[in-house]
Amino acid sequence: MPSWPNSNETSDADDDEYMDEYNSMQMEYFQTPDTVIDPSFSGLVVESDHKCILHRQRPGRFVAFEGTDTGRRFIGCATTDGVNCGVLEWVDAPWPVILQRCLTKLWDMYHEENLGRVQDKEAHEIEVEKLKKELDSLANQYSQLVDDVSKLFDYQDGQKSHDMDYTSQAINELKEKKHQLEEQAKIEVQMEKLKLKKEQRCILQSQADIIQNTRKAMKEIQVERDLLKEEKKKLEHVISELLKVGHGSKEKLDKIKQVVMEE
C-alpha cells in the first residue's frame, strides 16, 4: 500500500486531491509490465506538468514487453527504488483480439522453451557437481596411496629394484588417471558455459523477433484503417452529389448519410 505525504509536508486540500486521484485509478495501473528499451520512445516526459501519483515526479516513456501488451507504449512511474506507481497512461490502444491471441501463443512458446533450458541447465549442474565429487574422492585416494607407498618405502628399504619400479609405475598410473579426470571435468565446465552463452543469444533473438513482428502487425492494421477512411470519404461524396442533383429518395439518402457519419 503506498504511503501518502503527512500533514507537515502538504496541506489538507492537497491530501484530498491525492486521495481522489488514487481512488480513481484502476488497479491495473499499479501492475507495471516488463519493458524493453526503445530509443525512439524513452526518457522522462518534459512536455507537460503531468506527474506520478505517489512520488509527484515526472513520469517516463516506456514500451511494454509482457503478454498481450507487448509493443504498446505507455507513460509510467520512473521510480526504480521502493513502490512504483505503475502505468499512468497508455499511449497505444489495446491490440486487436487476433493480435493478442498471437502474442499469447508466442509468449507461451517462449516460456515453455525457456523452462526446458532451465531444466537442462539444472541437470548439467548436477552432473558437473557429481564429477567434482568424484575428482575430490580420487584426489583423496591418491594422497592416501602416496602416504602408503612412502611408508612401504621406509619399511622395505633395500628390497629389489624391481619391486620399487613396480610401485613407481603404479604411482605414475594413478597420477595419469588423476590428470585425465581433471581435464575431463574442465571440459565439462567449459561446455556448460558455452551452452549458457548460446541460450542467452537465443533469448535475445526471440525478444527482437517478437518486437519486429508486433510492429509489422501494427503497420498492417494502420494501412487497413486508412483504406476504410478513404472509402468512407468517397461514399460521403457520392451521397452529397446525389442529393444535389435530386437523384433517388432524399429521405433514404439522408438516412444513409446519417449512418455513414455515425460510423
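**Strands, salt bridges and cores in a predicted model**

Strand β2 (residues 60-64) and strand β3 (residues 73-76) run antiparallel and are joined by four bridges. Two strands are taken to pair if DSSP finds at least two bridges between them. Helices (H or I, at least four residues) and strands (E, at least two) are DSSP runs, numbered from the N terminus.

Good morning, colleagues. This is a predicted model, in which local features need pLDDT of at least 70 and side-chain atom pairs count only at pLDDT 80 or more, while totals for chains, interfaces and linings use all residues. Residues are numbered from 1 along each chain as its sequence is written, and side-chain values use heavy atoms, with hydrogens and water left out.

Let me return to the strands. Gly60 stands opposite Gly76 in β3. On β3 there is also a pairing with strand β4 (residues 87-90), again antiparallel, through three bridges. Within that pairing, Ile75 has Glu89 of β4 as its bridge partner.

I turn now to charged side chains. Side chains of opposite charge can pair when their charged atoms come close. Here a salt bridge is a side-chain nitrogen of Lys or Arg within 4 Å of a carboxyl oxygen of Asp or Glu. How many salt bridges does a search of the whole structure find? The search finds five, and I shall describe some of them.

Arg61 and Glu47 meet through their side chains in a salt bridge, at 2.6 Å from N to O. This pair links distant parts of the chain, with Arg61 in strand β2 and Glu47 in the loop between β1 (35-36) and β2, 14 residues apart. For accessibility, buried means under 20% relative accessible area, exposed over 50%, and partly exposed in between, with a 1.4 Å probe and protein chains only. Is Arg61 buried or exposed? Arg61 counts as buried because its relative accessibility is 18%, whereas Glu47, at 59%, counts as exposed.

Arg73 forms a salt bridge with Asp92, and the closest N and O atoms are 2.9 Å apart. Because Arg73 lies in strand β3 and Asp92 in the loop between β4 and α2 (97-155), the pair ties together parts that are 19 residues apart in sequence. Arg73 is partly exposed at 32% relative accessible area, and Asp92 is buried at 10%.

Arg117 forms a salt bridge with Glu113, with 2.6 Å between the closest N and O atoms. These two residues are four apart in helix α2, so about one helical turn separates them. Arg117 is buried, with a relative accessible area of 15%, while Glu113 is partly exposed at 44%.

Next, the nonpolar cores. A nonpolar core is a set of buried Ala, Val, Leu, Ile, Met, Phe, Trp, Tyr and Cys residues joined through side-chain atoms within 4.5 Å. The largest has 10 residues, among them Phe65, Trp95, Trp107, Tyr110, Ile203 and Ala217. Helices α2 and α3 (161-245) are the elements that give two or more residues to this core. Leaving aside neighbours within four places in sequence, Ile203 is in contact (heavy atoms within 4.5 Å) with Tyr110, Asn114 and Arg117.

Finally, the cysteines. With a disulfide taken as a pair of cysteine sulfur atoms within 2.5 Å, the structure holds zero disulfides. Cys102 counts as partly exposed at 41% relative accessibility, and Cys202 is partly exposed at 30%.
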